[in-house]
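Hello,

Here is the structure I promised to pass on. Please take a look, then read my notes below.

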Amino acid sequence: MNTVTLYLNFTKNCAEAIDFYKNAFGATMNFPAMKAPDGRIMHAMMKIGDTNIMMSDSFESGSEKSGSAISMWVYVDDCDLFFERAVKAGCRVTMKMEDQFWGDRIGQVEDPFRFRWTIASARWELNDEEMEKAQKEWMKTIGF
């Protein structure tokens with residue numbers, strides 16, 4: 001991963017966008033897209049050239065939407081320290097810092113300009129089978 005990675009949040013049709021980017025820009029998928037039971041894409045990552053781009057369909061209600069359908073993921077060595085610094089500078093916490101099932105520790109803030117920043121550190125790696133199992137377990141905890 002690069003330090004800052006673009007994250008595209010689609011109102012709908014993330015799967016169509018993936019197909020379009022594959023055709024238009026030669027994008028390749030880093031791993032199979034993670035899907036919710038209703039078919040929406042929960043997370044996908046493609047590569048165009050040497051750049052990773054993450055994306056998903058929206059799972060936000062209207063009142064929670066950020067100022068843009070684009071957000072940034074910042075991968076750093078010490079996500080807790082980076083997160084704390086952003087909050088002290090005036091960012092609003094939109095997701096507290098926590099370990100996630102896919103192996104990252106992440107938290108999310110919104111800056112004064114309404115852009116979302118997900119601050120992350122990679123903690124462990126999972127193979128495809130482990131990832132699928134972890135995702136299914138996590139989906140049970142959120143009622144999917």
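The largest nonpolar core has twelve residues: Leu8, Phe10, Cys14, Ala17, Ile18, Tyr21, Ala27, Ile41, Ala44, Met46, Ile53 and Met55. Bear in mind that this is a predicted model. Four elements each supply two or more of the core residues: β1 (4-10), α1 (14-25), β4 (41-48) and β5 (51-57). The top contributor is α1, with four residues.

Ala44 is one member of this core. Leaving aside residues up to four places away in sequence, Ala44 touches Ile18, Met29, Phe31, Ala33, Ile53, Met54 and Met55. There is also a second, separate core. This one has nine residues, among them Val76, Cys79, Phe83 and Ile119.

Next, the cysteines. The structure holds zero disulfides. Cys14, part of the largest core, is buried, because its relative accessibility is 0% and the cut-off for buried is under 20%. Cys79 is in no disulfide either. Its nearest cysteine sulfur belongs to Cys91 and lies 15 Å away, whereas a disulfide needs the two sulfur atoms within 2.5 Å. Cys79 is buried too, with a relative accessible area of 0%.

Last, a loop position. Gly39 sits between β3 (34-35) and β4, in the loop. Its relative accessible area is 42%, so Gly39 counts as partly exposed. Gly39 and Ala15 are 24 residues apart along the chain, and their C-alpha atoms are separated by 9.4 Å.

Best wishes

Note on methods:
Residues are numbered from 1 along each chain as its sequence is written. This is a predicted model: local features need pLDDT of at least 70, side-chain atom pairs count only at pLDDT 80 or more; totals for chains, interfaces and linings use all residues. Side-chain values use heavy atoms; hydrogens and water are left out. A nonpolar core is a set of buried Ala, Val, Leu, Ile, Met, Phe, Trp, Tyr and Cys residues joined through side-chain atoms within 4.5 Å. Buried means under 20% relative accessible area, exposed over 50%, partly exposed in between (1.4 Å probe, protein chains only). Contact means heavy atoms within 4.5 Å.
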